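Visitor: I have a structure open here and would like someone to walk me through it. Can we take it piece by piece?

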Amino acid sequence: AGVPVDVDEFLAKFHDRVLPAYFSYCGGCIRVLVSEGMAPGNLKKVLVLNAGSSSLKFKLFARSEDLNLSLESRGVAERIGDLKSALSFCDASGKQKNISSQLGDHQEALRTIFKELKLSASDLFAVGHRVTHGSDKIYKASRITPEVKKIIADTIPLAPLHNPVNLLGIESAEALLGSEVPQVAVFDTAFHHSIPPEAYLYAVPLKDTAERLSVRKYGYHGSSYAFLLNRAAEYFHKPKEQLNLIICHLGAGASMACIKLGKCVDTTMGMTPLEGLCMSTRSGDIDPGAVLFLVNKLGIRKTDQLLNKQSGLYGLVKVNGNLDGVVFSAGIGEHSSPVRERICEGLEGFGIELSPKRNLSTKEGEISPNRSRVKVLVIPTDEEQQIAMETVSVVTGLGDG
């Protein structure tokens, strides 16, 4: 419908939604045609699911009339398949609820979550699923179809620990909700699709590795990086397409991404999440010859266990180039001021400084002194909210997924 509005106010509020919509400007009015899914009367909720081998994390988001998302509830089902499964819930106010219940499989866990939340298919606008790997075939959030599910299944050899359970989460939701609720897959690897060949190819025979076996760098934590890039753009009051950043996702799994003009041009994780920084239990970069030596001495399974579960140190950051900022996020990046201090120590020559007071007290925002040429920020990440936003975009037809 044609509704008279203030042009500047409209563009300020809906700048991220104007380009994909049809609109005309005449006499101080903007006439916008939006899809049915964007209409203010259609304000159903968005559910985000992150399935693990014996767990199912969820976040439920409410949609407001200005199309923003707000967290309504979150929680996790743990020890699925065990006699002593557990469910924990937390609403937006922080009120918690814990229950014990035997959950035989992910579908039963999801059914119990729906029951506890008093949720039904008719309450949902869409369901977004975190999927670890889309190989080089899917590089954007995508409506789940049989073809998309086949690609997820075909990519299991590249992500044997994650893609099978991601697919299980999708199938559990489909079994519970049928075709009534749109479902969207948001891929961890998608954000890194812009990395150029000189960064994603390994120095090994091309035909025998990248082309035949898909051995190349893919990168992970993509939903976190997409969320943080958007939030950083708000801090800098710049379009993300003008930003140059190094983003540090430092949790139990740690990685960094180099952002040039809003696009990822390199990241520390590689073909698997084992490459790159030293992490909580993962080794990070290690001489391939050392890996071969360990395999010969310990065998493949023990070497896998050692490198993924029994290794890890703090990551070290090297910075160069002309930066707008350094962003810290995730469990360690958000909460450990000593780690941030150690990472930034000695980088004054690159224009990176920390304010000791701000570093200790700031939960979100700038932790560098005003004189610092490069801003250093702490920004809490929210991968589920990013997945929810991409899910809405795909279902409403505003995304190109």
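**Strands, sheets and helices**

Guide: Strands β13 and β14 pair in the antiparallel sense, over 4 bridges. Bear in mind that this is a predicted model.

Visitor: Which residue of β14 is the bridge partner of A257?

Guide: T267 is the partner of A257 in β14.

Visitor: And what about the hairpin of β13 and β14, how many residues sit between the strands?

Guide: There are 2 residues between them, and L261 in this hairpin takes a positive phi near 50°.

Visitor: How do β12 and β13 pair?

Guide: They are antiparallel, with 7 bridges. A hairpin of 3 residues joins β12 to β13. I247 has A257 as its bridge partner in β13.

Visitor: How many residues of β13 are buried?

Guide: 5 of the 7 residues in β13 are buried, so the strand is mostly covered.

Visitor: What sheet do these strands belong to, and in what order?

Guide: An open sheet of 6 strands, with mixed pairing, in the order β14-β13-β12-β15-β17-β16. At the edges are β14 (263–267) and β16 (365–366), each of which pairs on one side only.

Visitor: What does β16 pair with?

Guide: β16 is joined by 2 bridges to β17 (residues 375–378), and the two run antiparallel. E366 stands opposite L377 of β17.

Visitor: Which helix lies across β12, β13 and β14?

Guide: Helix α7, residues 222–236.

Visitor: Changing topic. What is the order of the sheet with 8 strands?

Guide: That open sheet runs β8-β7-β6-β5-β4-β9-β11-β10, and its pairing is mixed.

Visitor: Which strands does α13 touch?

Guide: Helix α13 (residues 383–396) packs on this sheet and touches β4, β5, β6, β9, β10 and β11. The direction of α13 makes about 125° with that of β9.

Visitor: And α4, which strands does that helix lie across?

Guide: Helix α4 (residues 163–177) lies across β4 (45–51), β9 (124–131) and β11 (183–187). Relative to β9, α4 runs at about 165°.

Visitor: I clicked on N163. Where is its place?

Guide: N163 is in helix α4.

Visitor: Is N163 buried or exposed, going by its relative accessible area?

Guide: N163 is buried, because its relative accessible area is 0% and the cut-off for buried is under 20%.

Visitor: What is N163 in contact with, leaving aside neighbours within four places in sequence?

Guide: N163 is in contact with V131, T132, H133, I152, T155 and I156. T132 is 31 residues away from N163 along the chain, while the C-alpha atoms of the two are separated by 6.1 Å.

Visitor: Back to α7 and α13. At what angle do they pack?

Guide: At about 85°, with their axes 8 Å apart. The two helices are therefore roughly perpendicular to each other, since that term covers 65 to 115 degrees.

Visitor: Which residues make the contact?

Guide: From α7, they are S223, S224, A226, F227 and N230; from α13, they are E383, Q385, Q386, I387, M389 and E390.

Visitor: One more pair. How do α8 and α9 pack?

Guide: Helix α8 (residues 288–298) and helix α9 (residues 300–309) pack at about 130°, their axes 7 Å apart. That angle makes α8 oblique to α9. The crossing is right-handed.

Visitor: Which residues meet there?

Guide: V291, L294, V295 and L298 of α8 meet I300, K302, T303, L306 and L307 of α9.

Visitor: Now the whole protein. How many helices and strands?

Guide: The secondary structure comes to 13 helices and 17 strands. The protein has 401 residues, and 47% of them count as buried. Its accessible surface is about 20700 Å², with 54% belonging to carbon and sulfur atoms.

Visitor: And how much of the contacts with a separation of 6 or more comes from residues 24 or more positions apart?

Guide: Such residues account for 60% of those contacts.

Key
Residues are numbered from 1 along each chain as its sequence is written. This is a predicted model: local features need pLDDT of at least 70, side-chain atom pairs count only at pLDDT 80 or more; totals for chains, interfaces and linings use all residues. Side-chain values use heavy atoms; hydrogens and water are left out. Two strands pair if DSSP finds at least two bridges between them. Contact means heavy atoms within 4.5 Å. Axes are lines fitted to C-alpha atoms, for helices over the stretch in contact, and angles run from 0 to 180 degrees between N-to-C directions. Buried means under 20% relative accessible area, exposed over 50%, partly exposed in between (1.4 Å probe, protein chains only). Accessible areas come from the Shrake-Rupley method with a 1.4 Å probe; for residues, only the protein chains shown count as cover. Angles under 35 degrees count as roughly parallel, over 145 as roughly antiparallel, 65 to 115 as roughly perpendicular and the rest as oblique. A crossing is left-handed if the near helix is turned anticlockwise from the far one by less than a right angle, and right-handed if clockwise.
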